[in-house]
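Dear colleague,

Please find below the structure that I am handing over to you. My notes on what was found in it follow directly after.

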Amino acid sequence: MSLDADEVKKIAYLARLKIDEADIPGYVSNLSNILDLVEQMNAVDTTGVLPMSHPLDAVQRLREDKITETNQRERFQAIAPATEDGLYLVPQVIE
Amino acid sequence: MSSRYHEKTIAELSAMLHAGEVSSVELTQYFLDRIKSRDGELNSFITVTEEQALAAAKAADERIKNGEAGPLTGVPIAHKDIFCTDGVRTSCGSKMLDNFISPYDATVVTKMKQAGVVMLGKTNMDEFAMGSSNETSFYGAVKNPWNTQTVPGGSSGGSAAAVAARLAPAATGTDTGGSIRQPASMCGITGIKPTYGRISRFGMIAFASSLDQAGPMAQSAEDCAMLLNAMAGFDERDSTCLDNEVPDYTAELEKPLAGLRIGLPKEYFGEGLSPAVEQVIRDALDEYKKLGAELIDIELPNSGLSVPVYYVVAPAECSANLSRFDGVRYGYRCADPVDLMDMYTRSRGEGFGAEVKRRIMVGTYALSSGYYDAYYLKSQQLRHKISDDFKEAFEKVDVIMGPTAPDVAFKIGEKSDDPIAMYLSDIYTIAVNLAGLPGMSVPAGFVNGLPVGLQITGNYFKESQLLNVAHQYQKNTNWHRAIPEDFA
């Protein structure tokens, strides 16, 4: 399975990763090699085999919908790149 | 009266603390000094928390004096920098989190604090635990104390190197595809990855959530048992944590091994295994025979697929987990973003290293529209088959043994440009994560002056048995007591 430069750029965009143009050929070759490795999976027929979602077949635990955590907004926002009036700031998205 | 505390195991240090032969403050200062004078050669720590450590040590001495101490009270250890530590930088080996001062403790850290354990600092690791050599860290490669030209293994390479050089008596690690066992093997220490769900993952920065599991890395199986006692247990904050009873892991250590059935998978002794490493493992198996164990040939026919399966499951889950790093709420944000998309893509592009980006992209591709069945679904089906192989094996044997890694530590830089070669160094450890089983690595000898680890895998929740099997070997051998000459 080999990918080309355009496919790698599309994947990078989907993953929200900026990749320098100069690094694209390296990713093309590395990702293609990894997908070649992964292709070995096709050697085994898995028709009818159930996918494994938890090693011990545990199911999702649910809890009652009640407040358990206290608000620590100031603490959490102290480590944010940019905040104002308790809100997170990002570049303007609406004109 | 010797003050060579670095030659002591945790069990020994614990006895000395309780007998009043040494205080926690003295011990903590001793190891802080050792880190200060020797870690320049290894780079095994990212952050040393001297002030907090001495304060915690003082509190521990108080507890010991007041008779409120447990076995680990006052013992200093290091935490892998993947565990969130309140008020202390938690970098996960990444530029993305270089400025991240965690606002809370991981459950493992909380439990250690409750036990009175003193944290010396945070150890170096492959970025986001993605790597097998500790070369992908933003903070630079860690060196193996047995030969500083070679890697310590990864991803818990800083923890392994620090314990091997006795800069810390023990450390925590995490294991997604071998990240406790493979570096333990390469650095000549003892490490255990418990059953998936045995230890809470809360506050442990997520890589591949269906595989990640924390565990102790120490000098002996006995020390691992003592640490596991403090780490294991149910936590409502981790939805995959299992609510099984936690036994006293030290209780079965002295059980004799007569009649133990050891399975030897033929797939773990085939092509790709260094003949010198194989010889060391065969010698260890002979030792077990002397202890009354029976060696039984077994097969794990689908284990050869574990590397390909892992490189779908782990990247897929990591691409989802690492989507949280967006430059908005914490962590790295690029300078002067022109718009929101520019901020996301540049913050992530600049904040993550090459291997992390590779895995995010493989995972993104595998999960993208139209490919889900061919990749993720297929891998989860194969996971079932790999897991069924183990189930069948454990009907015939009690534990499974083999080499932890196909070879001893390799040279720094040797595999860093070849991801596939790097991935294959986890070829014997990955299947255990895919099945969710507990596994250990135990020092079993040397090849060219570099340590070799024996891997012991057990059935679900059989940690006590694994530790017993390892402890009996360590009572009859001295490999685990060897310290690199330069750090003796």
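Two axes whose angle is over 145 degrees count as roughly antiparallel. Please note that the model is a predicted one.

**Helix packing in chain B**

Helix α2 (residues 24–38) of chain B packs against helix α3 (residues 50–65) of chain B at an angle of about 160°, and their axes are 8 Å apart. Since that angle is over 145 degrees, α2(B) and α3(B) are therefore roughly antiparallel to each other. Their crossing is right-handed. On the side of α2(B), the contact involves B:Ser24, B:Val25, B:Thr28, B:Gln29, B:Leu32 and B:Lys36. These meet B:Glu50, B:Ala53, B:Leu54, B:Ala57, B:Lys58, B:Ala60 and B:Asp61 in α3(B). By class, the residues of this contact are six nonpolar, three polar and four charged.

A second pair in chain B is formed by α7(B) and helix α15 (residues 463–476), whose axes come within 8 Å and cross at roughly 155°. The helices α7(B) and α15(B) are therefore also roughly antiparallel to each other. From α7(B), the residues in contact are B:Ala221, B:Glu222, B:Cys224, B:Ala225 and B:Leu228; from α15(B), they are B:Glu463, B:Leu467, B:Ala470, B:His471 and B:Gln474. This contact has six nonpolar, two polar and two charged residues.

**Salt bridges**

Over all chains, the whole structure contains 25 salt bridges. In one of them, B:Arg237 pairs with A:Glu69, with the closest N and O atoms 3.0 Å apart. B:Arg237 lies in the loop between α7 (221–231) and β7 (261–265) of chain B, and A:Glu69 in the loop between α2 (24–39) and α3 of chain A, so this pair joins two chains. Side chains of opposite charge can pair when their charged atoms come close.

**Backbone points**

Most residues other than glycine have a negative phi, and most peptide bonds are trans. The peptide bond from B:Gly154 to B:Ser155 is cis, with omega near 10°, and B:Ser155 is found in the loop between β3 (118–123) and α5 (157–164) of chain B.

**Confidence in chain A**

Chain A has an average pLDDT of 93, and 100% of the residues score at least 70. Among the elements of chain A, the lowest mean pLDDT, 94, belongs to helix α3 (residues 73–77), and the highest, 97, to helix α1 (residues 5–14).

With kind regards

Conventions: Residues are numbered from 1 along each chain as its sequence is written. Chains are lettered from A and ligands numbered from 1 in the order in which they are written. This is a predicted model: local features need pLDDT of at least 70, side-chain atom pairs count only at pLDDT 80 or more; totals for chains, interfaces and linings use all residues. Side-chain values use heavy atoms; hydrogens and water are left out. Axes are lines fitted to C-alpha atoms, for helices over the stretch in contact, and angles run from 0 to 180 degrees between N-to-C directions. Helices (H or I, at least four residues) and strands (E, at least two) are DSSP runs, numbered from the N terminus. Angles under 35 degrees count as roughly parallel, over 145 as roughly antiparallel, 65 to 115 as roughly perpendicular and the rest as oblique. A crossing is left-handed if the near helix is turned anticlockwise from the far one by less than a right angle, and right-handed if clockwise. Contact means heavy atoms within 4.5 Å. Ala, Val, Leu, Ile, Met, Phe, Trp, Tyr, Cys and Pro count as nonpolar, Asp, Glu, Lys and Arg as charged, and the others, Gly among them, as polar. pLDDT is the predictor's confidence in each residue, from 0 to 100. A salt bridge is a side-chain nitrogen of Lys or Arg within 4 Å of a carboxyl oxygen of Asp or Glu.
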